[in-house]
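Please walk me through this protein model.

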Amino acid sequence: MLTIDNGASRAVLTQLGTAQGGSSHVPGAAAGHAVWPNRLMATGVLFFWLVLYGYCLFPGLGGMLNAGDSAKFQTLGHTSILVHGPGYPLILMLGTFVRWLALPLEPWWIMTFLMASVPGAIANTMAFLIVRRLTQTVIFGLAAALLLGSAGLMAVQSTEAEVYPLALAFILSTGFLLLRFIETKWPGYFIAACGVYALSFGNHLMMIMLVPVFFWITAAHYRILLRPKIIISVLLLVMAGASQYLYLAWVTHAPTTAYSEYMPLPPTTTELIQYIAGTYFGDLYGAGLASTQTAEILLNTLEFAHPRLSAPMIVAGLAVFALGWRQRDTAWRGLALILGIGLAFMPFTLWYGAYDIRAFHLPVLGPMLVGSIAAIGWWVARWPRVRLWAGVILIMFGVVRTVEMAGYLSARTPLFEGLVETLEVIVPQSPVPDPVVSMTYDVRMATLYHELLDEVPKPASYRVTWRTQDEIAKRDPVGGLVVPTDGEQFLQWIEHRHPELICRTMPVEQLAGTPWPAYAFLCEDRVASTPPSAPGESD
């Protein structure tokens, strides 16, 4: 019969409960020795997710969540272009770095890995460190890293060219540094958090939603923070973060910038400001409040991050956090910080009315998952065996979910395989020598990737549907192709905008089984194309 010594069992539990910076239960030297195993474990978490996300990258251009945006970001891997507002200067810098590296790998793969997989792995590592500190146990830290990394939205976005894993990495890194400040009261942590936060504005301006969190911490620690040296340091960091947009301004005037979707190159100062402010999407501001749809989609994201687990876990985490109000120790204040960060981004996800609003949910989902797991681990700390088994169960669920998501991600198939071959067949069949090729947004962005590599037929003006009218006005004759077919809606649109024209379609031969059926079109002057009246007929 196998027996386990109770003293050894307690030693194991003590080791698992040792905090990175030392615990009140671990005397001086032991606390110092506990740092290195935890650093090694954090490094292991980082490399595990780097390998897994890299292995499971979406196989080609685009992705499941927003294929057009992903393909556009991937294009930065080989050519300098402007993406949509607010401009993402940090991503533009990353693209410049990728082009400078000139690695013997596909540009789309390198760009996706660096802008999504690496930040995703960092975010999972920060989840481990945050929960590790708040619960004083490695088990719950590992559970947090597994459950965040394998959450549905997180796993998908960390394997596609999306900016939100990087946003989450900034959010959780900032949260960890603020957590250390709350614990130690050392201003260096607060200044470092401000530096990370300032840098994050080069990725996405939605980071402004964290400003109230900084105000709250400053108000709670004003005797420490409202000092000239600290204020000057923070202001300098804010200026450094804002200076990223000077790089964006330089890119808009650089002769090597090959494409701009919304803005003429080079732009005027007013046009650049409007581009950064996202005025092109102004009709979406506040549109989310017009119905309950944005709230329903957000709840769906939280519920199905881990089916049958994430929603109850978040509710339980919030409940035990509320129950701990009377205790309000340092760990409870840390929980308030992490959960508060998640709640700070919630108004934006409800207010903004984008059709792909789910893509914006990661800054809410991440902190809410991490904070809830930490709250549960903190609450059950009074019952060591319960805490141990609760952590083990969460780890087991995280392992199963990680394997499940890895299989799901690996089963994805390319979206735009054969697109170039399709264009090589249909473009030469255009009724005019320099056709306008109208495309859906996703197909257009994938075509842009190949177009800037000189891999598509020319001459031709490839345009997303709503950007074709400027080209139509320049052409005589007007003709081209529509990819994919749209029930001739494009032609009706031309005739509506240009009543002097009459348009007709023409069939084109296509590759068998193509996912992009197309038709050719020709528009002529309505008067010139009207046949003359027969003798004896009245006008």
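The paragraphs below follow that order.

This is a predicted model, in which local features need pLDDT of at least 70, side-chain atom pairs count only at pLDDT 80 or more, and totals for chains, interfaces and linings use all residues. Residues are numbered from 1 along each chain as its sequence is written, and side-chain values use heavy atoms, with hydrogens and water left out.

Confidence comes as pLDDT, the predictor's score for each residue from 0 to 100. The chain averages 90, and 91% of its residues reach 70 or more. Residues 1-32 stay under 50. For that stretch the model has 31 contacts (heavy atoms within 4.5 Å) beyond four places in sequence.

Now the build. The chain holds 23 helices and five strands. These are DSSP runs, numbered from the N terminus: helices are H or I with at least four residues, strands are E with at least two. The C-alpha trace spans about 110 × 65 × 50 Å along its principal axes. Of the contacts with a separation of 6 or more, 76% join residues 24 or more positions apart. Of the 539 residues, 53% are buried. Buried means under 20% relative accessible area, with a 1.4 Å probe and protein chains only.

Finally, take helix 19. Which residues of helix 19 are buried? Among them are R387, G391, L394, I395 and G398. R401, T402, M405, A406 and L409 are buried too.

Conventions: Buried means under 20% relative accessible area, exposed over 50%, partly exposed in between (1.4 Å probe, protein chains only).
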